[in-house]
Amino acid sequence: MGKAAEYELYYWPGIQGRGEFVRLALEEAGASYIDVVRESPAHGGGTKALMALLGDDTLPAIPFAPPVLKHGDRVIAQTANILLYLGPLLELTPPDEAGRFAVNQHQLTLADLVAEAHDVHHPICVSLYYEDQKPEARRRAAQFLSQRMPKFLGYFERVLSKNRTPGGAYLQKGMLTYADLSLAQVLFGLEYAFPRAFAAFSPKIPLSLGLRDAIAARPRIRAYLDSPRRIPFNEDGIFRHYPELDA
Ligand SMILES: N[C@@H](CCC(=O)N[C@@H](CS)C(=O)NCC(=O)O)C(=O)O
């Protein structure tokens, strides 16, 4: 494992998942980090490294689930909490407290949306297979796509509309923050999972799509998206494409 990496991210290998929100912030900032679990076990990586961290009762705040960030002596879990910590260090959040809470608010709302998008394919329980909850998933998908996705995405569009400046529309007026990166990721994910429904809704969210495309064109993000570090979307992740759910 590269000793020089400043940040260590612990997340499941093979999926973007919630780890992706942290990766995008680190990538945009050009931070030196290592995706520990994707390293070989011989170099201290593999799932064993994650299990050891989750099982470490000596930590001041034992993490329940990944993603987990290690930075020096700090071990921080919960995606929004990790980003709240990283924001000032990566200069992806405003310097003032009110601004930081505003960005965290948006991140937490995105987390709510992510959880609902996940629950479309797991409406009964996370511990059951999708195949064991398909009828319920169909009902959940119909509601999610007709009610919840429009409500969440309409809300973010409204926030962007209020914060429009000649320099662009961001969730926090006048600056790109980690919440914008996360919104872009959620939009990528929803489009992957529900291409038909997303295409039908797209005309209602021009500012959000403009932000997403501008983020995808940022040099570091573009390089990341084109690199092998970016794991393709797949049906083990949060955003899954099951055509039968994409009404
Ligand atoms: N609210 C937490 C959720 C963490 C979470 O659910 N992690 C998933 C992977 S994305 C997991 O490993 N969950 C294990 C479990 O819930 O048993 C966060 O945002 O970090």
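Trainee: Which residues of helix 4 and helix 5 meet?

Mentor: In this predicted model, helix 4 brings Gln105, His106, Thr109, Leu110, Asp112, Leu113, Glu116, Ala117, Asp119, Val120 and His121. From helix 5 come Ala137, Arg140, Ala141, Phe144, Arg148, Phe152, Leu153, Tyr155, Phe156 and Val159. Sorted by class, that contact has 12 nonpolar, 4 polar and 5 charged residues.

Trainee: Why is helix 4 called roughly antiparallel to helix 5?

Mentor: Look at the angle. Helix 4 (residues 97–121) and helix 5 (residues 134–162) pack at about 165 degrees, with axes 9 Å apart. Angles over 145 count as roughly antiparallel, so helix 4 is roughly antiparallel to helix 5.

Trainee: And what is the hand of the crossing of helix 4 and helix 5?

Mentor: That one is left-handed.

Trainee: What makes helix 3 roughly antiparallel to helix 4?

Mentor: Again, set the angle against the cut-off. Helix 3 (residues 79–90) packs on helix 4 at about 150 degrees, and their axes are 10 Å apart. The cut-off is over 145, so helix 3 counts as roughly antiparallel to helix 4. The crossing of helix 3 and helix 4 is right-handed.

Trainee: Which residues make the contact of helix 3 with helix 4?

Mentor: Ala80, Leu83, Leu84 and Pro88 sit on the helix 3 side, with Arg100, Asn104, Gln107 and Leu108 on the helix 4 side. By class they divide into 5 nonpolar, 2 polar and 1 charged.

Trainee: How do you know that helix 5 is roughly perpendicular to helix 8?

Mentor: The axes of helix 5 and helix 8 (residues 206–216) cross at roughly 80 degrees and come within 8 Å. Since 65 to 115 counts as roughly perpendicular, helix 5 is roughly perpendicular to helix 8. Phe156, Glu157, Leu160 and Ser161 of helix 5 meet Pro206, Leu207, Ser208 and Leu211 of helix 8. That contact has 5 nonpolar, 2 polar and 1 charged residues.

Trainee: Moving on to the ligand, which residues surround it?

Mentor: Tyr11, Trp12, Arg18, Phe64, Ala65, Pro66, Pro67, Gln78 and Thr79 do.

Trainee: What is the peptide bond from Pro66 to Pro67 like, cis or trans?

Mentor: That bond is cis, with omega near 10 degrees. Most peptide bonds are trans. Pro67 is found in the loop between helix 2 (47–54) and strand 3 (68–71), and both Pro66 and Pro67 are among the residues around the ligand.

Notes. Residues are numbered from 1 along each chain as its sequence is written. This is a predicted model: local features need pLDDT of at least 70, side-chain atom pairs count only at pLDDT 80 or more; totals for chains, interfaces and linings use all residues. Side-chain values use heavy atoms; hydrogens and water are left out. Axes are lines fitted to C-alpha atoms, for helices over the stretch in contact, and angles run from 0 to 180 degrees between N-to-C directions. Helices (H or I, at least four residues) and strands (E, at least two) are DSSP runs, numbered from the N terminus. Angles under 35 degrees count as roughly parallel, over 145 as roughly antiparallel, 65 to 115 as roughly perpendicular and the rest as oblique. A crossing is left-handed if the near helix is turned anticlockwise from the far one by less than a right angle, and right-handed if clockwise. Contact means heavy atoms within 4.5 Å. Ala, Val, Leu, Ile, Met, Phe, Trp, Tyr, Cys and Pro count as nonpolar, Asp, Glu, Lys and Arg as charged, and the others, Gly among them, as polar. A residue is near a molecule or strand if one of its heavy atoms lies within 4 Å of it.
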